[in-house]
Amino acid sequence: MTTVANKAGRAGRAGRADTSEAGAQERIARLEHRLGDLDDPGNPLGVEQLLAADAAGRPLAAAERALDEFGLNAEFVPARLGGRLERLDVLARVLRAVFRRDASLGLGYGVTSYLAGVIVWADGTAAQQRAVADLLLGGGRIACAYPEPPTGNDFLRNRFSALAQGAGYRLNGRKEALNNAARAQSLLIFADGPDAGQGSSAFLIEGPDADSASAALLGRYETTGIRGCLVHGLQFCAHPVTTQQLVGRAGAAGELARRAFPLTRAIGPSMALGCADTALRTTVAFARSRRLRSRASLQSPRTRTALADAFADLLLCDALGLVATRAVHELPRQSNTFSAAVKYLLPTVLTEAVYDLSIVLGSESYARSGSYGIFQKAVRDLPMIGLGSAGGAASRGVLIDHLLQVPGLRAPGGGQAPAALFQPFGDDLAPVRPDELVLAPDGDCLLGSLESSMAHAAAAHGEFAAHLGESAARLGAELSALRAACTALGSRPGERAVSPRAYALADRYALIAAGAACLGTWRHQAGSGGFLGEPLWAVMALARILRRLDSTAAAAPAAAADRFVHELLSRFEDARSYDLYATSIGR
């Protein structure tokens with residue numbers, strides 16, 4: 001481990017960071033200011049420069065320097081080790097500012113380092129944790145090769161293997177696509193044992209050396225989206241590693257990965273809201289520029305519907321992402337389910353939303369340069385967010401297992417979901433307890449909260465309150481039907497995990513969970529006087545969810561849609577984000 005630390009050079013250690021909500025908001029504002037206005041022609045980190053870098057298939061060097069100056073890597077390092085990482089929801093919000101400009105920049109600069117870091121923070125030795133913290137705080141990178149679950153996305157079944165030899169191991173095998181493998185100072189590698197049933201082990205090793213005869217960097221892997229990410233293959237041939245480079249126990253890496261998945265699954269899609277935000281903002285700019293009689297103008301019902309639907313989709317995705325990232329702190333045993341729902345649902349919803357917006361832009365949605373070129377980039381980048389070892393297929397498997405294990409979908413002991421789960425600006429979160437992340441779920445507080453939220457919605461006052469109560473009741477009826485179907489599924493073993501019926505129930509679970517997250521977030525902000533405390537946004541979000549659950553469900557009231565579009569245009573004029581936080585951007 002000494003050599004890994006040395007490769008970081010004299011790593012700068014951050015002082016004690018302000019990890020409060022006020023500190024988080026200050027950091028986000030500072031990062032937004034540093035990255036600047038995306039549409040400003042004079043901004044060296046603007047649309048023109050980002051699109052040129054994307055076309056060339058390279059990271060934008062000026063943007064990476066800006067993130068170096070901001071110290072973005074500190075967001076991936078726990079506060080106890082000198083970084084700023086304490087709350088997962090804050091990490092997602094900070095990185096959202098980067099994804100708003102370029103998904104490649106968000107993934108390529110640091111998210112890969114976070115994915116590797118969570119393993120080391122939970123199971124590495126004190127020396128390994130210190131070395132990786134110094135590496136990241138000093139501006140270095142670490143790449144990772146997670147194992148593929150049986151239901152994962154790796155159809156090639158690329159693997160590394162580790163054979164015990166003498167006082168150490170020999171690594172063999174290859175992986176075709178590792179982000180940042182070519183420029184990482186350190187690698188976190190998961191390698192299978194030589195025989196079936198022996199389990200896999202994790203190793204923290206140095207990055208590939210061009211002079212090494214046993215570790216070879218393969219050619220770059222070209223992708224349709226996130227073109228600025230430097231993705232290469234890696235091959236080992238009897239590559240020597242020591243027992244000191246082992247992370248955790250030998251053969252126990254599968255448990256390490258399962259413990260990490262609640263910490264990683266929800267983060268990427270939640271960050272990617274920034275990418276969808278830019279697509280929506282670009283479409284609003286396009287619609288505002290159209291003549292009154294144009295079918296794409298803001299006066300067109302079709303355009304207004306598309307914009308309102310996309311805005312509602314971003315809010316419902318953010319609500320589910322909020323619950324999943326905060327559940328890691330508050331409900332560790334259930335967090336794997338909620339994070340799987342995020343990984344399964346959000347990439348699909350966001351990709352569909354951007355496709356619907358493309359109809360408004362028409363031929364301009366294909367532009368690769370100019371004022372609307374950034375939209376086409378979002379179209380290509382967003383589908384890539386759902387890939388990875390814990391991607392959509394693996395996440396659906398987690399949801400199906402949950403439906404079989406907890407068919408009642410209620411909170412344990414008839415209790416209530418913690419209020420902190422639904423509070424976007426709440427500071428008071430429990431520390432992450434890694435050992436509890438691998439325990440079987442003890443209930444489902446999110447769906448179990450729906451009955452209480454329904455009661456609050458039924459008693460709500462103000463404009464659109466009646467519509468909110470009706471929508472909440474319909475969602476409750478969908479939950480009752482889901483519970484009955486899960487009980488029936490469990491009674492017929494032949495139709496369990498791999499049947500089309502089980503897949504359909506997983507789809508419905510994810511949508512109902514998103515609805516419960518929206519209602520819970522509204523309920524705990526009601527009376528606050530702000531936008532989140534009004535029934536309007538919850539009515540619009542639930543309308544989107546209910547239409548996906550039942551194609552015959554009614555659309556939101558026209559008056560609500562008009563008010564919602566007014567909020568959307570107000571955020572455009574004021575340069576505020578299209579998520580739960582309405583963050584000032586690019587100023």
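Here is a short briefing on the nonpolar cores and the cysteines of this structure. The model is predicted, so local features need pLDDT of at least 70 and side-chain atom pairs count only at pLDDT 80 or more, while totals for chains, interfaces and linings use all residues. Residues are numbered from 1 along each chain as its sequence is written, and side-chain values use heavy atoms, leaving out hydrogens and water.

**The largest core**
- A nonpolar core is a set of buried Ala, Val, Leu, Ile, Met, Phe, Trp, Tyr and Cys residues joined through side-chain atoms within 4.5 Å.
- Buried means under 20% relative accessible area, exposed over 50%, and partly exposed in between (1.4 Å probe, protein chains only).
- The largest nonpolar core has 175 residues, and those with the most contacts inside it include Leu 72, Trp 537 and Phe 564.
- Helix α11 (residues 301–330) gives the most to this core, with 17 residues; helices (H or I, at least four residues) and strands (E, at least two) are DSSP runs, numbered from the N terminus.
- Beyond its neighbours within four places in sequence, Phe 564 is in contact (heavy atoms within 4.5 Å) with residues including Phe 311, Leu 315 and Trp 537.

**Another core**
- Val 241 sits in strand β7 (residues 231–242) and is buried, with a relative accessible area of 4%.
- Leaving aside neighbours within four places in sequence, Val 241 is in contact with Gly 168, Tyr 169, Leu 171, Phe 203 and Ile 205.

**Cysteines**
- The whole structure has zero disulfides, a disulfide being a pair of cysteine sulfur atoms within 2.5 Å.
- For Cys 229, the nearest cysteine sulfur is that of Cys 275, 12 Å away.
- Cys 229 is buried, with a relative accessible area of 2%.
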